[in-house]
Amino acid sequence: MSSRTLPLLFINLGGEMLYILDQRLRAQNIPADKAKKVMNDIITTMFNKKFLEELFKPQELYSKKALRTVFDRLAHASIMRLNQASMDKLYDLMTMAFKYQVLLCPRPKDILLVSFNHMDAIKDFVKDTPSILSQVDETYRQLIEIYTPLSSGEFQLIRQTLLIFFQDMHIRVSIFLKDKVQNSNGRFVLPTSGPVPHGTQIPGLIRIFSCTGEEVSRLQFSNGGNYTSALREGSLEMFGDRVIKLGTNIMNTPEGGNVNVHVAIVCNQVNTAPNPLAKEELNLLARLMGGLEVKKPGNTESGFRVNLFATDEEEEEALISRPDELSYGVINIQATKDQQANAELAKIMGEFTEAEDQSPHASSKGDDLLAMMDGL
């Protein structure tokens, strides 16, 4: 697995989350000052310096549950609150939108252009707040410094890692179903038309060369699609035309005001084998979430709830009817900023492991806790 995938996954999912929340805040007529505060607080937390330092360290991609825990905390970094059903729907929309973008990338390197489209949108959300804007600009610089020198092979590894992460997720989204880019089973339909990747030619011609390098003949064949010449290459600078539209806001559609998510019942085999990275994941989460402080509404600042469904009844029904195999089982980890707490978490984890080794007939409660952590 690629060790440089996690920051791109986080930034792109975060961008999709902000698109959706911005749309819902508008749809629910949340006062402009409160809506702006929510977006500013989430982006401030998302681009926290210590948080990003941990995120950008080379590391393997962690489980869906671990990543979901981070986004659950991030979504509640302000005065806004989401019920579990709405949080589930938010995460489903985020992941399926980005999965579709990864599948459609003309070439693996264009995943970076998709990321920059998300970064451009995030920057626009905080364009009137210089202090937050500087945090976003610093992340731009890190992305340019770390990712622009990577080879095509390294970007291919990143793309494959992302596709492996998403491969068992088949949530149906009404916009995708309506546009016929998603089948009724939740799988995407890849187009056989449009511009070919930059640096390539329209398929349909075979050229045969002699041993001296001279072209001796040509053969035509049907490519089975409706392809056009490649567009110019998108800019990987902090300011520039990205050319491709992947990573821009799909909520800006007539149907975007009421995006429905349909749960596709797809049976996937669940791997119940213990995950050897479980302890490392918990330690990572402790470090990451040290910068993800959830703000609790005070006396002068009343919180409010955002519902991603049309009505409260729909939200409640979605929570009840959601299949167990699509439940993320979020684990609430209380972590603080200081390293002493992180070390304490590691120590406690070590004690759990030792206790399991020494007491094979431990209580069912202890077994459940260990199983929970192994299942991350």
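Predicted model: local features only at pLDDT ≥ 70, side-chain atom pairs only at ≥ 80, totals over all residues.
Residues are numbered from 1 along each chain as its sequence is written, and side-chain values use heavy atoms, with hydrogens and water left out.

D88 lies in helix α5, residues 84-104. Helices (H or I, at least four residues) and strands (E, at least two) are DSSP runs, numbered from the N terminus. D88 has 5% relative accessibility, so D88 counts as buried. Buried means under 20% relative accessible area, exposed over 50%, and partly exposed in between (1.4 Å probe, protein chains only).

## The chain as a whole

The secondary structure comes to 13 helices and eight strands. The chain has 376 residues, and buried residues make up 46% of them. Contact means heavy atoms within 4.5 Å. Among contacts with a separation of 6 or more, 79% come from residues 24 or more positions apart.

## Helix α4 against helix α5

Two packed helices are described by the angle between their axes and the distance between the axes. The axes of α4 (residues 64-75) and α5 come within 11 Å and cross at roughly 115°. Here axes are lines fitted to C-alpha atoms, for helices over the stretch in contact, and angles run from 0 to 180 degrees between N-to-C directions.

The crossing of α4 and α5 is right-handed. On the α4 side, the contact is made by K64, L67, R68, F71, D72 and A75. On the α5 side, M87, D88, L90, Y91 and M94 take part. A crossing is left-handed if the near helix is turned anticlockwise from the far one by less than a right angle, and right-handed if clockwise.

## Aromatic rings

The structure holds nine aromatic pairs. In one of them, F116 and Y140 have ring centres 5.8 Å apart and planes at 75°, so the pair is edge-to-face. F116 is in helix α6 (residues 110-125) and Y140 in helix α7 (residues 130-147), so the pair links parts of the chain 24 residues apart. F116 and Y140 are buried. Rings of Phe, Tyr and Trp (its six-membered ring) pair if their centres lie within 6.5 Å; planes under 30 degrees apart count as stacked, over 60 as edge-to-face and the rest as tilted.

F10, F51, F71 and Y91 form one aromatic cluster.

## Links across the sequence

D110 is in helix α6. D110 is buried, with a relative accessible area of 5%. D110 and I244 are 134 residues apart in sequence, yet 8.4 Å apart in space, C-alpha to C-alpha. Not counting residues up to four places away in sequence, D110 touches C105 and I244.

I144 is found in helix α7. With residues up to four places away left out, I144 touches F116, P149, L236, E237 and M238. S3 sits in the segment before α1. At 30% relative accessibility, S3 counts as partly exposed. S3 and I158 are 155 residues apart along the chain, and their C-alpha atoms are separated by 8.2 Å. Beyond residues up to four places away, S3 touches P58, Q59 and E60.

## Positive phi outside glycine

N29 is not a glycine, although its phi is positive, about 55°. N29 is found in the loop between α1 (6-27) and α2 (32-46). At 65% relative accessibility, N29 counts as exposed.

V243 is not a glycine either, and has a positive phi of about 70°. V243 is found in the loop between β6 (226-228) and β7 (261-262). At 12% relative accessibility, V243 counts as buried.
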